[in-house]
Amino acid sequence: MTIFGGTAEFPSRLRFNVPIIWMLALAAAGAACIPLVYLVIRAAEADADAWSKVVADSTLRLLLNTAGLAAAVTAASAALALPIAYLTERTDLPFARVWRTITIMPLAIPSYVGAFAFIIALGPYGSLQDLLAPLGVENIPSIYGFVGAWLTLTLFTFPYLLLVVRAGLRDLDPAIEEAARSLGQSAWGTFWRVTVPQLRVPIAGGSLLVALYVISDFGAVSMMQFDTFTRAIYVRFGSSFDRSSVAVLSLVLVALVALVLAIDWSQRRSAKYHRLGTGAAKTPRLVSLRRFRWPALLGLFVVSAVALLVPIGVLFHWLSVGLQNGETFPGVWSAALNSVYASGLAGAVTVAVSIPIALVVVRRPGFLSRIVDRAAYVGYALPGVIVAFALIFFTLRVTPGLYQTIATLVFAYAVLFLPQAISGVRASMVRVQPGLEEAARSLNRTPWQTFYSITLPLIAPGVLAAFALVFLTTMKELPATLLLAPIEFDTLATTLWGHQEDVFFARASAAALLLLACAALPMMILFGRDRDLRA
C-alpha cells in the first residue's frame with residue numbers, strides 16, 4: 001500500500017472558504033489534542049513526592065528497555081525489509097507478485113496474537129519441547145524477556161517498513177541505477193552505493209513507524225514478560241491508588257516519543273530525493289538472480305513460515321484440541337460482532353472527521369492549515385495505553401456520564417488512528433484535477449454541491465482505503481479496548497487476552513483465528529488499492 005501526503009495550490013475560486021469546514025477541522029484537531037493536554041494538566045497536579053517516586057521506581061531501567069527494544073526491532077526490520085523489497089521489485093524472482101502479498105500478510109496478525117502463538121510453540125512445556133522430549137531434551141532456552149519480545153515485534157512490524165521502502169523503490173528513477181551499472185558497478189555494488197542511499201527518506205519514514213509501534217506496544221511485551229513503559233504504566237494503574245504518578249510516568253513515555261520524532265525530523269529535514277531528468281520514469285530493468293535465486297526463495301520462505309505458518313498452525317492445532325474435547329467457545333461470536341461493530345463505527349467516524357481536515361490542508365495551504373494538520377497527528381504519537389488513561393482521567397473528572405461508554409471508546413480510536421484516515425483521504429484529494437471542480441463551479445454549483453457531485457466520487461477509493469486501514473488497526477487495538485470498553489462489551493482482542501491469562505489456550509485460539517478472519521477483508525481492500533497504485 002502506498003500513501004503519499006502533500007498539498008497542492010489551486011485557483012483561489014476553487015478554494016473552500018466555508019466557515020463550517022474550518023470549524024469542523026479545528027474542532028477535530030482540537031479534540032485529538034485532549035488526551036495529551038489533560039495528561040499534562042494531571043501530571044502538573046502531582047506533588048514532588050509523586051515525581052520523585054516515579055524517578056526512583058526503575059524509570060531509567062524502563063527507559064533503557066523501551067529504547068533498546070525499539071532500536072533492536074527497527075534494525076532487524078530494516079535488515080528484513082530492504083532485501084525483501086529489492087527482491088520483489090527489482091529482480092527476476094519467481095512468483096514475485098505472490099511474494100509481495102505473502103510478505104505483507106503479517107500485518108494482519110496483531111503482535112499479541114503472534115506472542116501468544118510463540119509462547120505456545122516455543123515456551124516452557126510448549127510444542128517444540130514436546131517434539132524434542134523423545135530426544136532427551138528436557139529444557140529449551142526461555143522465550144520470555146527481551147529475546148521473545150524482539151522476535152515477535154520484528155516479525156509483525158517489519159511489513160510497515162517494507163511497504164514504505166517498496167513504494168520508494170517504485171518511485172526511484174531507474175536511470176540512476178542504470179548510470180551506475182554503465183560505469184562498471186555490479187548489481188550488488190549498485191544496490192549498496194546507489195539504491196540504498198536514494199532510499200534514505202523512505203527508510204527513515206518506515207523506521208519511524210516501526211519505532212513508534214514498538215514504543216507503544218502493550219500486548220506482546222506483556223505476554224513476553226518484558227518490562228517497558230506501557231506494561232509498567234498498566235501495572236501501576238491497576239495496583240496503585242495514586243493516579244497522579246501514573247500520569248507522571250505516562251508523561252515520561254510521551255517525552256521519549258517526542259525525542260524519537262525530533263531525531264527523525266532532524267535527520268530528514270535536509271534530505272533530498274531527486275530524479276534524473278524530466279518526464280515519466282522508465283520501467284526498471286530486472287536484475288537476474290542466477291545462482292542466488294534458490295537461496296533468495298529459501299530466505300523468503302523461512303521468514304514467511306515463521307511469521308505466518310507457525311502462528312496460524314499453532315492456533316489451528318489448539319482449536320482442534322478444543323473441538324476434540326467438546327469445547328463450546330462461549331462468547332466468541334458475540335465478541336466478534338462487538339469487534340466488527342466497534343471497528344466499523346470507529347472507521348466511519350474517523351474517516352468522516354478526516355475529510356474536513358484534508359480539505360483545509362489541500363485546498364487552503366498555509367500556517368493555520370499546517371497547525372490543524374500537525375495537531376491531528378498528535379494522537380499517532382501517543383501509545384494507546386496513554387490515550388486510554390488520559391480519557392479515563394478526563395471522563396471521571398469532566399464528563400463522568402461518558403466513562404466506559406462506546407462513545408469514549410470510539411473517540412479513543414479516532415484520536416489514535418485519525419492520521420491514517422487523513423493520509424488516505426489526502427492522497428486521493430491531491431490527485432483530483434482542478435479543472436473538473438472549476439467546471440462545476442462555472443456551472444453555478446456551490447462548494448458543497450461541487451464536493452458531493454465531483455470531489456467525493458473521485459476520492460472514494462482513498463476514502464475506502466482509509467476506512468479499511470482504520471478498521472484493521474482498530475480490530476487489533478488492545479490496551480485502549482481493555483481500559484475503555486463498556487462493562488461486558490468483550491471484543492476478540494479482550495477475549496483473547498482474558499483466555500490466555502486464564503491459560504484457556506483453545507478458547508484464546510478461537511478468538512485469535514476469528515480476529516484474523518475479520519482482518520482479512522480490510523487487508524484485501526488495501527491490497528487491491530496497492531495494485532491500483534502500481535498500475
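Select helices H1 and H16 to begin: H1 passes H16 in a left-handed crossing, a label that applies if the near helix is turned anticlockwise from the far one by less than a right angle, clockwise being right-handed. Helices here are DSSP runs of H or I with at least four residues, numbered from the N terminus. The model is a predicted one, in which local features need pLDDT of at least 70 and side-chain atom pairs count only at pLDDT 80 or more, while totals for chains, interfaces and linings use all residues. Residues are numbered from 1 along each chain as its sequence is written, and side-chain values use heavy atoms, with hydrogens and water left out.

H1 covers residues 19-32, and its axis lies 8 Å from that of H16 at an angle of about 115°. Axes are lines fitted to C-alpha atoms, for helices over the stretch in contact, and angles run from 0 to 180 degrees between N-to-C directions. H1 is therefore roughly perpendicular to H16, the class for angles of 65 to 115 degrees.

Next, display the side chains at this crossing. From H1, select Ile21, Trp22, Leu24, Ala25, Ala28 and Ala29; they meet Val353, Pro356, Ile357, Leu359 and Val360 of H16, where contact means heavy atoms within 4.5 Å. This contact comprises eleven nonpolar residues, with no polar and no charged ones; Ala, Val, Leu, Ile, Met, Phe, Trp, Tyr, Cys and Pro count as nonpolar, Asp, Glu, Lys and Arg as charged, and the others, Gly among them, as polar.

Turn now to the salt bridges, of which the whole structure has eight; each is a side-chain nitrogen of Lys or Arg within 4 Å of a carboxyl oxygen of Asp or Glu. Select Arg166 and Glu89, whose side chains form one with an N to O distance of 3.8 Å. Arg166 belongs to helix H8 (residues 146-171) and Glu89 to helix H4 (residues 59-90), so this pair ties together parts 77 residues apart in sequence. Arg166 is buried, at a relative accessible area of 2%, and Glu89 is also buried, at 13%; buried means under 20%, exposed over 50% and partly exposed in between (1.4 Å probe, protein chains only).

Move to Arg507 and Glu327, which form a salt bridge at 3.0 Å, N to O. Arg507 sits in helix H24 (residues 505-534) and Glu327 in the loop between helix H15 (293-324) and helix H16 (332-363), so the pair links parts 180 residues apart in sequence. Arg507 is partly exposed at 24% relative accessibility, as is Glu327 at 23%.

How values were computed
Helix = DSSP H or I, 4+ residues; strand = E, 2+ residues; numbered from the N terminus. Parallel < 35°, antiparallel > 145°, perpendicular 65-115°, else oblique.
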